[in-house]
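Thank you all for coming; I would like to walk through one structure with you, slowly and in a few steps. Please have a look at it first, and then we will begin with a single residue.

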Amino acid sequence: MGLSLNQATVKALSLPAAIDACVAAGIGSIGVWRDRLAETGVAEAKRLLDQAGLRVSSLCRGGFFTADDALADNLLALDETAAIGADVLVLVSGGLPAGSKDLAGARARVADGIAALVPRARELGVRLGIEALHPMFCADRCVVSSLGEALALAERFPADTVGVIVDTYHHWWDAEAPALVRRAGERVFAYQISDWRVPLPADMLLGRAHVGDGSIDFRPLTDAVAAAGYAGDVEVEIFNAEIWAAPAAETISRVRAGFAAVLGELPQPQGKSSG
């Protein structure tokens, strides 16, 4: 499993700058975010990615199915995923609709939303990865709150089209997670890692730390992902204001060191991009 740098980890960098940073650091894969993709433009982004020889481990994100414009936005996200050759479109379900307390209804809307995307996804050859977030985000960001729930939802659809995202930050606490990952098998579409920061900041969304700097034992989920047959890239995805404020080169050096400690050494950088 190779290292992929998720753009969220170096939030200040544009997509062209993040591509150059990956090349300079000898990182062969990148997880792209749609806001940065929009800044660059899909055609130019594809040109730069191809020129750099980078794989695109995922496009973040689709989903938010409880919003009124969800279908149109997700169809656009599918087109973008296919256009840049991303391995998977990450789906974050969205929270409760404004003013609603109908959790069951919101979850039903998520299932219906995914079902509406499957035909177009299959036409484009795009895979849909359902990401369950930690339960603390249920109200406002993701009503799919456990890996088991995400997998049960994925299993309603063809295994080559709908699967799950395994994320240590969201799933490390769940005693059932390793067994669920093994059950998922070929439905494991991506593996994302970061550590759990203690104490959590006031904004819990920013509670991630560099791999090895927090509370997570990465071995159980990593072993389970390997046992499931996943051999793709592993994204380091960190939301942390202090890390965002640090120089990108310093952050990427820490990313490489944490990845090597958990998943093995990487090849040394071979020089910088000229792009």
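This is a predicted model: local features need pLDDT of at least 70, side-chain atom pairs count only at pLDDT 80 or more; totals for chains, interfaces and linings use all residues.

Is Trp196 buried or exposed? Trp196 is buried, with a relative accessible area of 11%, where buried means under 20% relative accessible area, exposed over 50% and partly exposed in between, with a 1.4 Å probe and protein chains only.

Residues are numbered from 1 along each chain as its sequence is written, and side-chain values use heavy atoms, with hydrogens and water left out.

Let me turn to the aromatic rings. The structure holds four aromatic pairs, and rings of Phe, Tyr and Trp (its six-membered ring) pair if their centres lie within 6.5 Å, with planes under 30 degrees apart counted as stacked, over 60 as edge-to-face and the rest as tilted. One of these is the tilted pair of Trp172 and Trp196, at 5.9 Å centre to centre and with 50° between the planes. This pair links distant parts of the chain, since Trp172 lies in the loop between helix 7 (168–171) and helix 8 (177–184) while Trp196 lies in strand 8 (residues 195–196), 24 residues apart; helices (H or I, at least four residues) and strands (E, at least two) are DSSP runs, numbered from the N terminus. Trp172, at 32% relative accessibility, counts as partly exposed.

Another pair is Phe239 with Trp244, whose ring centres are 6.2 Å apart and whose planes are at 70°, so the pair is edge-to-face. Phe239 counts as buried at 13% relative accessibility, and Trp33, Phe239 and Trp244 form one aromatic cluster.

Finally, I come to the backbone. As background, most residues other than glycine have a negative phi, and most peptide bonds are trans. Here the peptide bond from Cys60 to Arg61 is cis, with omega near -10°, and Arg61 has its place in strand 3. The peptide bond from Val198 to Pro199 is cis with omega near -5°, and Pro199 lies in the loop between strand 8 and strand 9 (208–209). Phe64, although not a glycine, has a positive phi of about 45°; this residue is placed in the loop between strand 3 and helix 4 (70–84), and at 23% relative accessibility Phe64 counts as partly exposed.
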